[in-house]
Amino acid sequence: MKIYPKLIWCFLLLVFVNGCKKSNSTEETSKPAPSTNAAPASTAPAASAPAATSSSADAAASAETTSKMAAAEWAIKQDEIKRDSNGQWAIQATASSSYNDAQGAAVFSANQATGAPNVEKFGDNEAAWTAKTPDGGIEWLDLKYPKAVHATEVRVRESNASGAVIKIEFYDEQGVAHAVWQGNDPTTELNYLMVKFPKTTFKTDRVKVTLATNVVPGWNEIDAVQLVGTDQ
């Protein structure tokens with residue numbers, strides 16, 4: 001009969017040990033999974049990417065719009081100048097010198113500056129007049145027009161190394177020179193130096209444009225020169 005208490009005691013001990021193992025097993029399986037908060041954080045930069053892309057697209061679209069507007073304004077200005085009823089283009093021209101001593105209708109000759117503008121892009125172009133050498137100093141272009149007028153404006157279309165014009169003169173009907181402008185030429189790129197002044201008391205059909213070719217490096221080229229004025 002003494003053995004039963006021992007058996008009972010062993011049985012209770014086994015139950016207690018198994019219960020502890022189950023408790024530990026439950027604790028192990030009930031631990032929360034590792035935090036996944038880091039994953040959303042790693043995708044945060046990707047969330048901002050569409051905004052950056054959109055901003056870049058907007059900037060590109062804005063730049064394209066600005067470029068188109070500038071091109072449209074340039075085209076309108078060109079059309080207005082060419083269609084000016086009081087404007088006329090030269091029919092003859094001489095110059096202090098010409099590239100390769102060009103004469104007549106040869107490329108880069110003085111006569112390339114007669115007629116309406118025909119150089120459409122900024123840069124060296126044989127359809128414009130240029131002096132014999134670049135950066136040589138004082139050079140001039142002398143232009144004759146179809147009719148004598150009381151002048152109010154001169155428009156010099158510069159097409160390469162712009163900004164070298166320093167003086168504009170008219171010759172009256174007696175051949176006397178009158179300087180109507182002298183100064184710093186602000187022209188850049190393919191554009192006009194437009195000089196306005198009070199209507200001249202004399203009539204003129206001859207314009208002389210003087211350049212200091214050493215002021216702006218390169219081949220200073222003139223595409224055309226328009227004389228603006230009226231008979232009265």
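## Legends to close-up views of a predicted model

**Figure 1. Overview of the protein chain.** From the N terminus on, the elements follow the order α-α-α-β-β-β-β-β-β-β-β-β. This gives three helices and nine strands, where helices (H or I, at least four residues) and strands (E, at least two) are DSSP runs numbered from the N terminus. The model is predicted: local features need pLDDT of at least 70, side-chain atom pairs count only at pLDDT 80 or more, and totals for chains, interfaces and linings use all residues. Residues are numbered from 1 along each chain as its sequence is written, and side-chain values use heavy atoms, with hydrogens and water left out. Of the 232 residues in the protein chain, 35% are buried; buried means under 20% relative accessible area, exposed over 50%, and partly exposed in between (1.4 Å probe, protein chains only). The accessible surface of the chain is about 13900 Å², and 58% of this surface belongs to carbon and sulfur atoms. Accessible areas come from the Shrake-Rupley method with a 1.4 Å probe, and for residues only the protein chains shown count as cover. Among contacts (heavy atoms within 4.5 Å) between residues at least 6 apart in sequence, 78% join residues at least 24 apart.

**Figure 2. The salt bridge between arginine 206 and aspartate 142.** A salt bridge is a side-chain nitrogen of Lys or Arg within 4 Å of a carboxyl oxygen of Asp or Glu, and by this rule the structure has eight. In one of them, arginine 206 pairs with aspartate 142, and their closest N and O atoms are 2.8 Å apart. Arginine 206 belongs to strand β8 (residues 204–212) and aspartate 142 to strand β4 (residues 138–160), so the pair ties together parts that lie 64 residues apart in sequence. Arginine 206 is partly exposed, at 28% relative accessibility, whereas aspartate 142 is buried, at 10%.

**Figure 3. The salt bridge between arginine 157 and aspartate 223.** The side chains of these two residues meet at 2.5 Å, N to O. Distant parts of the chain are linked here, since arginine 157 is in strand β4 and aspartate 223 in strand β9 (residues 221–230), 66 residues apart. Both partners are buried: arginine 157 has a relative accessibility of 1%, and aspartate 223 has a relative accessible area of 0%.

**Figure 4. A network of salt bridges around arginine 155.** The side chain of arginine 155 forms a salt bridge with that of glutamate 153 (3.2 Å, N to O). Arginine 155 and glutamate 153 are both buried. Together with Asp84, these residues are linked in a network of salt bridges.

**Figure 5. Valine 225 in strand β9.** Valine 225 lies in strand β9 and is buried, at 0% relative accessibility. Not counting residues up to four places away in sequence, valine 225 touches several residues, among them Trp89, Leu141, Leu143, Tyr145, Val156 and Val209.

**Figure 6. Leucine 227 in strand β9.** Leucine 227 is found in strand β9, and its relative accessible area of 0% makes it buried. Leucine 227 and glutamate 153 are 74 residues apart in sequence, and their C-alpha atoms are 6.4 Å apart in space. With neighbours within four places in sequence left aside, the contacts of leucine 227 include Asn86, Gln88, Val149, Ala151, Glu153, Phe170 and Val207.

**Figure 7. Threonine 210 in strand β8.** Threonine 210 is part of strand β8 and counts as buried, at 7% relative accessibility.

**Figure 8. The cavity.** Rolling a probe the size of a water molecule over the atoms shows where empty space is left. On a 1 Å grid over the protein atoms alone, a cavity is a set of points where a 1.4 Å probe fits but cannot get out, and lining residues have an atom within 4 Å of a point. Grid points are joined across faces, edges and corners, and a volume is the space filled by probe spheres set on the points. The whole structure has one cavity of 30 Å³ or more, and the largest cavity holds about 30 Å³ of space. Its lining consists of Trp129, Thr130, Ala131, Thr133, Pro134, Thr213, Gly218, Trp219 and Asn220. By class, this lining has four nonpolar, five polar and no charged residues; Ala, Val, Leu, Ile, Met, Phe, Trp, Tyr, Cys and Pro count as nonpolar, Asp, Glu, Lys and Arg as charged, and the others, Gly among them, as polar.

How values were computed:
1 Å grid on protein atoms, 1.4 Å probe; cavity = no way out; pocket = protein on both sides within 12 Å on 5 of 7 lines; lining within 4 Å.
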